[in-house]
Amino acid sequence: MAAAGAPQAQGSGSGDDSAFQTFYTEVKQIEKRDSVLTSKQQIDRLLRPGASYFNLNPFEVLQIDPEATDEELKKRFRQLSILVHPDKNQDDPDRAQQAFEAVDKAYKLLLDGDQKKRAVDVIHAGKEYVEHMMSQKKKQLKKDGKSTDIEEDDPEMFRQAVYKQTMKLFAELEIKRKEREAKEMHERKRQREEEIETQERAKREREWQKNFEETRDGRVDSWRTFQAKGKTKKEKKNRTFLKPPKVKMEQRE
């Protein structure tokens, strides 16, 4: 007989709750198994092929649940950072340093409330997307008169689907961030080039003005000399001598 106050399982809801509980339990078992990896295994995990995208999910890096408390987050960071710290892995300090930086970056990101919320939102979006696609698949199968059983009904397959979709979303966001950063950098470069051109133009104008001022007296003297010479030539030209009139010879008859 059920204990007083214990929830009663009813209909298909009981099956859904049971499936989710199984899924959740398996996820926790995997996290617990992975969390006790050796130093070398943790370094390999954090630097595996595609790590630049895998490590975009800070919860994946620290192997901690998104619902973990700040105290649990701090405890996990200490455990993992000690495991991969270069001082503890002197036989492979370079890779250990890279792994340590990945752990440190993920921890600092989750300490920021806004950044943590964005990461949680991405994870929830990934789960919702998979659930939506499952619903669409089942509707189509039902419409076609086929069995509505799909592979994502298996908790492990569902977990993998959510994991893949979440990684995809993190990757897409990172690509957009890089594109935005490149665009902003290009704009800053263009503005800087314009500033340099404006400064160079202003410099050329100042130099021209300076040369103009410095040569003003010389130009004035040259103009005065030119005018004086022109006046002298004009006076000489106007200075003419009177010639006697020509006498016409009378014609004889």
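At what angle do the axes of helix H2 and helix H5 cross? Before I answer, a reminder to myself: this is a predicted model.

**Entry 1: H2 and H5**

I looked up H2 (residues 39–46) and H5 (residues 70–84), and their axes cross at roughly 100° and come within 8 Å. Angles of 65 to 115 degrees count as roughly perpendicular, so H2 is roughly perpendicular to H5. Next I listed who does the touching: Ser 39, Gln 42, Ile 43, Arg 45 and Leu 46 from H2, and Arg 76, Leu 80, Leu 83 and Val 84 from H5. I sorted the residues of this contact into five nonpolar, two polar and two charged.

**Entry 2: H7 and H8**

On to helix H7 (residues 113–143) and helix H8 (residues 155–214). Their axes are 8 Å apart, and the packing angle is about 130°. That makes the two helices, H7 and H8, oblique to each other. I also noted the handedness: H7 passes H8 in a right-handed crossing.

Which residues meet here? On the H7 side I found Ala 119, Val 122, Ile 123, Ala 125, Gly 126, Lys 127, Tyr 129, Val 130, Glu 131 and Met 134. Facing them in H8 are Phe 158, Ala 161, Val 162, Gln 165, Thr 166, Leu 169, Phe 170 and Leu 173. The residues of the contact of H7 with H8 come out as 13 nonpolar, three polar and two charged.

**Entry 3: a closer look at H7**

I checked the length of H7. With 31 residues at 1.5 Å a residue, H7 should span 45 Å, and its end C-alpha atoms are 45 Å apart, so the two agree.

Then I asked which residues of H7 are buried. They are Lys 116, Ala 119, Val 120, Val 122, Ile 123, Gly 126, Val 130 and Met 134. Their cover includes helix H4 (58–62), H5, helix H6 (93–111) and H8.

Lys 116 made me stop: is this residue buried or exposed? Its relative accessible area is 18%, and buried means under 20%, so Lys 116 counts as buried. Leaving out residues up to four places away in sequence, I found Lys 116 touching Phe 59, Pro 66, Ala 68, Asp 70, Leu 109 and Leu 110.

**Entry 4: Gln 63**

Last stop, the loop between H4 and H5, where I found Gln 63. Its phi is near 50°, a positive value in a residue other than glycine. Gln 63 is buried too, because its relative accessible area is 13%.

Definitions and conventions: Residues are numbered from 1 along each chain as its sequence is written. This is a predicted model: local features need pLDDT of at least 70, side-chain atom pairs count only at pLDDT 80 or more; totals for chains, interfaces and linings use all residues. Side-chain values use heavy atoms; hydrogens and water are left out. Axes are lines fitted to C-alpha atoms, for helices over the stretch in contact, and angles run from 0 to 180 degrees between N-to-C directions. Helices (H or I, at least four residues) and strands (E, at least two) are DSSP runs, numbered from the N terminus. Angles under 35 degrees count as roughly parallel, over 145 as roughly antiparallel, 65 to 115 as roughly perpendicular and the rest as oblique. A crossing is left-handed if the near helix is turned anticlockwise from the far one by less than a right angle, and right-handed if clockwise. Contact means heavy atoms within 4.5 Å. Ala, Val, Leu, Ile, Met, Phe, Trp, Tyr, Cys and Pro count as nonpolar, Asp, Glu, Lys and Arg as charged, and the others, Gly among them, as polar. The expected span of a helix is 1.5 Å times one less than its number of residues. Buried means under 20% relative accessible area, exposed over 50%, partly exposed in between (1.4 Å probe, protein chains only).
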